[in-house]
Amino acid sequence: MRFSRQMKTVEEALQELLARLQKLDEEQVELGEAYGRILAHDVIATCDMPPFDRSPLDGFAVKAADTVHAAVDQPVYLRVVETVAAGQVPRIPVDPGCATRIMTGAMMPAGADAVIMFEQTENPGVHSEVVGIKRALRPGENLSRRGEEIAQGTVVAHAGERVNAGTIAVLATFGYSQVSVIRKPRVGLLSTGIELVAVDEPLAPGKIRNSNTAMLAALITEAGGIPVLFPVLPDELAEAKQKMTGYVREVDLLISSGGVSVGDYDVIASLADEPEVTLLFNRIAMRPGSPTTGLLMSGKPVLALSGNPGACFVGYELFARPALQCLAGKKQVSLEPIKAQLGSPYEKPCPHPRYLRGRLLQKDGVLIAQPDFNDKAGNLGTLKNSECLIVIPAGGRGKQAGELVDVIVHAQPSWREEV
Ligand SMILES: Nc1nc2c(c(=O)[nH]1)N[C@H]1C(S)=C(S)[C@@H](COP(=O)(O)OP(=O)(O)OC[C@H]3O[C@@H](n4cnc5c(N)ncnc54)[C@H](O)[C@@H]3O)O[C@H]1N2
Ligand code: MOO
Ligand SMILES: [Mg+2]
């Protein structure tokens, strides 16, 4: 057991971990399965959009030149030669003195260069053979040109983007019934410690239920990964080593919780001393989660988070979330903090940066980060409220309310009013 450990900053430890991760390969999925996945390639427009000149209105397609003298009290009368619905191909060109009845989204007939809406015409009824145009139109007015939004060959979504509903619309428009996406990362999860009982087991003296594995599984699922749940490891080194050596082969990243400190039964800490295991880091300048550990076993990265649920959560956000982004092929992964005003003073002296769980609020249009004051590393009741980690830098005497702080956002804010 190493009681004295070399301290690294969060950024140093994160880069150590990320350097051991490789972008996963791609797979093809049906469009209906692509939501939330990461695009493996740029998506190219396979045709112009719109694919043909079309009418954006229900009205009449005309030659603008015919309407030059048109006015409300002096309509220009044109002969209606055809009706075109969306989806139909016009057959008759619009010659001088003629108009085509046209619906929204329908293809423009040859010869027409403008569209007037029904409401600006006289006698627009379905059976009218002659229509009165009540205002002058400019050439090109009310006309959607082929390719005016997107030209064929344009990159419409980039490799590495997460597919959202808008991406799905683009993929569907351009005929991508199959999409190349990055394979979902398989993330192994295990907890350590004989105090842990399963969620469906009754408590006994000295025991607690294993909440970390369930919480981490939810976080992995939320991030688009596949959680692979392994049994709780006892605090016995030889067995832990043998089991974990097997587990790492089945996954892209193995995440454990517990056993990383200097206690007699902290099995992950002992594992780090084994000759077959490479230690990446085991002491980080941060609170909570300072004993968060990174290992390599059989060349695979293992992220060993603290057993304390609050520290486990923070460790996940600082290390595992970026690790999953790295596996998905994101270049230059970092924690990407934004600035917000601190909602309440935090006056504890901080020898190391502190990552406080918090909520995001707005007051008069200003972003406020409100720390959770119930966030002891061993607590878990308010984890559900966390939307961000508020960074209180090392040194000094904390931060006053209203001071600007770095904030690492990890959840969609629910924008409660400040209370
Ligand atoms: N002498 C020192 N003691 C401790 C130090 C230190 O520097 N010197 N660091 C403290 C800090 S900081 C942390 S964080 C913890 C880290 O603990 P471990 O990662 O070794 O975790 P355990 O000892 O296994 O458990 C700690 C705590 O968490 C509970 N736990 C564990 N696993 C789960 C789980 N899956 N679900 C829910 N709760 C879990 C466990 O029962 C303990 O209460 O060490 C400090 N000690
Ligand atoms: O920093 Mo530890 O993570 O206090 O509990
Ligand atoms: Mg311990």
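1. Starting with ligand 1: sorted by class, its shell holds 9 nonpolar, 18 polar and 2 charged residues. Keep in mind throughout that this is a predicted model. The shell around ligand 1 counts 29 residues in total, and Ser191, Asn212, Gly258, Ser261 and Gly307 are the closest of them. As for secondary structure, α3 and α6 are the elements that give two or more residues to this shell.

2. Which residues sit around ligand 2? They are Arg287, Pro288, Gly289, Ser290, Ser306, Asn308, Ala311 and Ala377. By class that comes to 3 nonpolar, 4 polar and 1 charged.

3. Now for the two helices from point 1. Helix α3 covers residues 212-222 and helix α6 covers residues 309-327. Their axes come within 11 Å, with a crossing angle of roughly 25°. Angles under 35 degrees count as roughly parallel, so α3 is roughly parallel to α6. The crossing itself is right-handed.

4. Who does the touching between α3 and α6? On the α3 side you'll find Asn212, Met215, Leu216 and Leu219; on the α6 side, Pro309, Cys312, Phe313 and Tyr316. This contact splits into 7 nonpolar residues, 1 polar and no charged ones.

5. Helix α6 has another partner to look at, helix α1 (residues 10-18). Here the axes come within 10 Å and cross at roughly 35°. Is this crossing left-handed or right-handed? For α1 and α6 the answer is right-handed.

6. The α1 side of that contact is made by Val10, Leu14, Leu17 and Leu18. From α6 come Leu318, Phe319, Pro322, Ala323 and Cys326. Sorted by class, the α1 contact with α6 has 9 nonpolar residues, no polar and no charged.

7. One thing to check against the annotation. UniProt, in an unreviewed entry, lists residues 7-34 as "coiled-coil region".

Note on methods: Residues are numbered from 1 along each chain as its sequence is written. Chains are lettered from A and ligands numbered from 1 in the order in which they are written. This is a predicted model: local features need pLDDT of at least 70, side-chain atom pairs count only at pLDDT 80 or more; totals for chains, interfaces and linings use all residues. UniProt positions are given in the numbering used here, feature names are shortened, and annotations may be inferred rather than shown by experiment. Axes are lines fitted to C-alpha atoms, for helices over the stretch in contact, and angles run from 0 to 180 degrees between N-to-C directions. Helices (H or I, at least four residues) and strands (E, at least two) are DSSP runs, numbered from the N terminus. Angles under 35 degrees count as roughly parallel, over 145 as roughly antiparallel, 65 to 115 as roughly perpendicular and the rest as oblique. A crossing is left-handed if the near helix is turned anticlockwise from the far one by less than a right angle, and right-handed if clockwise. Two residues are in contact if their C-beta atoms, placed from the backbone, lie within 7 Å. Ala, Val, Leu, Ile, Met, Phe, Trp, Tyr, Cys and Pro count as nonpolar, Asp, Glu, Lys and Arg as charged, and the others, Gly among them, as polar. A residue is near a molecule or strand if its C-beta atom, placed from the backbone, lies within 6 Å of it.
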